[in-house]
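Please have the structure open as you read, and follow the points in order.

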Amino acid sequence: RHQQSTPITVDMKFFIVLVIFTLTVAAWPLPSRKPTVGGIGDVKPATEAIQTLAQTHREAAEAFVGEKFESFQAISYSQQVVAGTNYFIKVQVSKEKYVHIVVYRPLFDEPKLTSARFATLEESFP
């Protein structure tokens, strides 16, 4: 007895192509990246947005370290994604003085200064 073969339908062809595509994508090597959630990102030059964030917390930083600043220019920053974002910002406060500040921006509230301390230009932060 000879059995007749079942013709391949359009639906079957689509399914086969979908399976091959899925297996190809699953096996494709992804670029390696450092995990960002909980990890502290690379230090980057401060942007206008970071300067604005830092400037908003100038008075709190002055109160934290107990000194008024001549200037308040954000130099660099890094960030850490947690339940919100920690911004680690290096700020130049005079010709030869720097302050490291940490501003925490929660998911559903206003940002707030959580730390401030004097530092040198060369000192890494955080």
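1. Let's begin on the surface. I20 counts as exposed because its relative accessibility is 52%, where exposed means over 50%, buried means under 20% and partly exposed lies in between (1.4 Å probe, protein chains only). I20 is found in helix α1, residues 10-27. Together with F15, I16 and V19, I20 makes a nonpolar surface patch of about 380 Å². Such patches are made of residues with over 30% relative accessible area and no salt bridge; nonpolar side chains (Val, Leu, Ile, Met, Phe, Trp, Tyr) are joined within 5 Å, and like charges within 9 Å.

2. A word on what you are looking at. This is a predicted model, in which local features need pLDDT of at least 70 and side-chain atom pairs count only at pLDDT 80 or more, while totals for chains, interfaces and linings use all residues. Residues are numbered from 1 along each chain as its sequence is written, and side-chain values use heavy atoms, with hydrogens and water left out.

3. Now the overall plan. The chain has three helices and five strands, which follow the pattern α-β-α-α-β-β-β-β along the sequence. Helices (H or I, at least four residues) and strands (E, at least two) are DSSP runs, numbered from the N terminus. Of the 126 residues, 29% count as buried. The chain exposes about 9500 Å², with 60% of it supplied by carbon and sulfur atoms; accessible areas come from the Shrake-Rupley method with a 1.4 Å probe, and for residues only the protein chains shown count as cover.

4. Next, look at the sheet. Its five strands form an open sheet in the order β1-β2-β3-β4-β5, with antiparallel pairing; two strands pair if DSSP finds at least two bridges between them. At the edges are β1 (44-45) and β5 (112-119), each pairing on one side only. Strand β4 (residues 98-106) pairs with β5 in the antiparallel sense over seven bridges. One place to look is H100, whose bridge partner in β5 is R117.

5. Which strands does helix α2 touch? Helix α2 (residues 48-56) packs on the sheet and touches β2 (73-82), β3 (84-92) and β4, a contact being heavy atoms within 4.5 Å. The direction of α2 makes about 85° with that of β3. Helix α3 (residues 58-65) lies across β4 and β5, running at about 55° to β5. For these angles, axes are lines fitted to C-alpha atoms, for helices over the stretch in contact, and angles run from 0 to 180 degrees between N-to-C directions.

6. Finally, the charged pairs. The structure holds three salt bridges, each a side-chain nitrogen of Lys or Arg within 4 Å of a carboxyl oxygen of Asp or Glu. R58 and E62 meet in one of them (3.2 Å, N to O); both lie in helix α3, four residues apart, about one turn of the helix. E62 is buried at 8% relative accessible area, whereas K68 counts as exposed at 68%.

7. What joins K97 to E67? Their side chains meet in a salt bridge (2.9 Å, N to O). K97 lies in the loop between β3 and β4 and E67 in the loop between α3 and β2, so the pair ties together parts that are 30 residues apart in sequence.
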